[in-house]
Amino acid sequence: MPNRLPPGKVPWDIVAELVSGELPPEVVLGPAAGEDAALVEIGGELWAVASDPVSFTATDAGRLAVIVNANDVAVRGARPRFFLAVGLIAPHEATEERVRELLSQVRDTCAEVGAVLIGGHTEVTPGLPHSIVVGTMLGRVEGEPVTTGGLREGDLVGMTRSAGLEGTTILLNELGGRLRALHGDEVLEGADEILGGDWLLVAPEALQAAACHGVTALHDVTEGGVGEALYEMARASGVGIDVEKSAIPVLPATATVCGDLGLDPLGLIGSGSLIVGGDPDDAAEIETVFSASGIPFTWIGHAVAADEGSRTTVPRFPRDELIKTTMMRGIEAVIFDMDGTLVDSSYDWPTIRRRLGVTGASIIDDLNGLPEPDRSRRWAELEAIEATATAQATIHEGVHELIEVLAEHHLSNALVTNNSDANVRRLLDRFGLHFDVIVNRDSGLWKPSGAPVKEAVRQLGVVPGRCLGVGDSHYDILAAREAELGGVCVLHDGAGRHDREADLSFEDIPRFIRYLNIVLE
Ligand SMILES: [Mg+2]
């Protein structure tokens with residue numbers, strides 16, 4: 001099967017292989033990870049060139065196309081000057097009014113940033129689900145160029161405004177009603193200034209910063225938020241960045257919205273914010289650049305020697321946190337693990353594995369592979385451990401409510417567990433739980449194989465991509481991935497241990513319910 005790439009930026013390694021190579025001397029900066037604009041010498045002048053699409057459904061796609069490209073050249077210290085726009089109009093949007101609207105947005109925003117529209121192409125493109133505007137901006141570098149990769153060991157690292165501004169706006173626009181219902185207007189405290197603000201265009205302050213002698217590197221935050229932007233700057237510069245996480249400014253509205261949805265503000269799409277590298281000797285001068293324009297600016301860390309293992313002391317986010325809020329779209333069924341996920345059966349798996357002498361990935365496979373009489377003896381031992389755990393098991397807080405919320409939204413459910421049929425029945429009876437489909441190990445299928453999950457999907461009569469797996473362990477993630485489920489959520493302890501591998505993670509079921517109540521239609 002071809003290795004399909006997930007939505008979002010294509011991994012740099014794949015791109016690098018194809019775009020690297022000998023470049024003529026007039027190309028001062030060519031394709032490079034984290035560098036959003038090239039630098040070329042034309043007629044003795046240095047020009048920055050950037051190209052970016054606006055590929056989402058946005059009423060102001062024409063305006064955004066100019067802004068993102070103006071930002072990209074401005075962080076090079078280049079004043080936006082000439083703009084080209086390719087407008088690919090989706091057939092269902094192909095009205096004269098829509099085209100006029102897009103092009104006037106492009107023209108007006110160009111004027112706003114001091115650029116002129118010098119050409120492009122506009123067409124109605126069959127097959128497009130929504131319109132796309134691809135912009136290319138040329139800007140002349142006024143002084144010394146600045147790059148993402150200019151950060152040196154010992155430099156200070158700062159940022160303007162706060163983390164996840166753009167994502168907060170998107171979430172408040174899309175889910176504001178439900179968030180307000182949850183908190184009252186409190187959630188919108190400080191949100192007006194975000195929603196009403198004109199902070200997306202960072203070109204003016206980027207140009208001012210670039211002109212400041214002590215500024216060594218600039219990068220604008222976009223997808224993957226501050227975390228990914230810091231990683232990109234560290235990688236492009238060949239250094240590490242030691243960040244004081246608590247120093248990263250997060251607005252109260254952003255913190256509330258992220259808290260409700262289980263998102264990390266540091267990985268939330270964050271246009272409107274600039275990452276700035278600076279010489280410590282010029283720190284005061286750099287601060288003045290921003291304070292003079294009334295733009296909040298905070299030092300959040302400094303550059304250290306590169307450590308290939310981890311470039312930054314905050315996590316990176318190759319996948320933007322915003323994607324988590326769309327995980328439930330199209331989901332028709334939820335497939336639960338039992339032990340540890342719905343019931344707290346306090347299995348101490350590492351100790352049990354040691355006791356049973358299990359070394360392989362799967363306890364069940366290991367025991368089945370033993371010769372007799374060892375096989376029966378160890379199985380009896382495991383069953384005794386399970387019987388004790390089952391007798392002592394308690395139900396996790398919120399399970400009944402969780403099942404109800406899913407039912408209210410017409411989602412079916414299944415239970416896929418490596419426990420035995422007898423124990424499953426005992427627990428479900430005791431806790432009054434019912435599932436549309438149950439697959440336990442007596443079926444002859446068990447995790448971490450995807451087979452029991454596939455069997456549950458088959459019995460549910462749905463498409464795997466329309467199911468969400470919910471578990472607490474690495475087994476659950478492996479099984480869900482192999483069964484090609486639409487997503488996997490880890491709960492409880494698993495959230496702390498596996499949150500980077502899962503699509504969603506919550507410390508407890510009430511938090512998962514809160515998320516579902518906001519995102520489910
Ligand atoms: Mg479990």
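Two strands pair if DSSP finds at least two bridges between them. I also note that helices (H or I, at least four residues) and strands (E, at least two) are DSSP runs, numbered from the N terminus.

**Entry 1: the model.** I am reading a predicted model, where local features need pLDDT of at least 70, side-chain atom pairs count only at pLDDT 80 or more, and totals for chains, interfaces and linings use all residues. Residues are numbered from 1 along each chain as its sequence is written.

**Entry 2: strand 1.** I looked up the partner of strand 1. Strand 1 pairs with strand 2 (residues 38-42) in the antiparallel sense, over two bridges. Val-27 has Val-40 of strand 2 opposite.

Entry 3: I followed the strands onward and found an open sheet of six, ordered 1-2-3-6-4-5, with mixed pairing. Strand 1 (27-29) and strand 5 (116-124) are its edges, each pairing on one side only. On average, neighbouring strands here are turned by 20° against each other, direction ignored. Axes are lines fitted to C-alpha atoms, for helices over the stretch in contact, and angles run from 0 to 180 degrees between N-to-C directions. Helix 3 (residues 96-113) lies across strand 4 (78-89), strand 5 and strand 6 (132-141), and runs at about 175° to strand 4.

**Entry 4: the whole chain.** I counted 18 helices and 19 strands in the protein chain. The C-alpha trace spans about 85 × 55 × 50 Å along its principal axes. Of the 521 residues, 44% count as buried (20 or more other C-beta atoms within 10 Å of a residue's own, with C-beta atoms placed from the backbone).

**Entry 5: domains.** The chain is divided into domain 1 (26-141), domain 2 (148-322) and domain 3 (333-345 + 393-519); such bounds come from an automatic or database domain assignment. Domain 2 and domain 3 have C-alpha centres 36 Å apart. I found six residues of domain 2 in contact (C-beta atoms, placed from the backbone, within 7 Å) with seven residues of domain 3. On the domain 2 side, helix 4 (165-183) and helix 8 (252-261) are the elements that give two or more residues. Helix 4 gives the most, with three residues.

Entry 6: Leaving aside neighbours within four places in sequence, Ile-335 is in contact with residues including Ala-414, Val-453 and Leu-485.

Notes: Contact = placed C-beta atoms within 7 Å. Buried ≥ 20, exposed ≤ 12 C-beta atoms within 10 Å, placed from the backbone.
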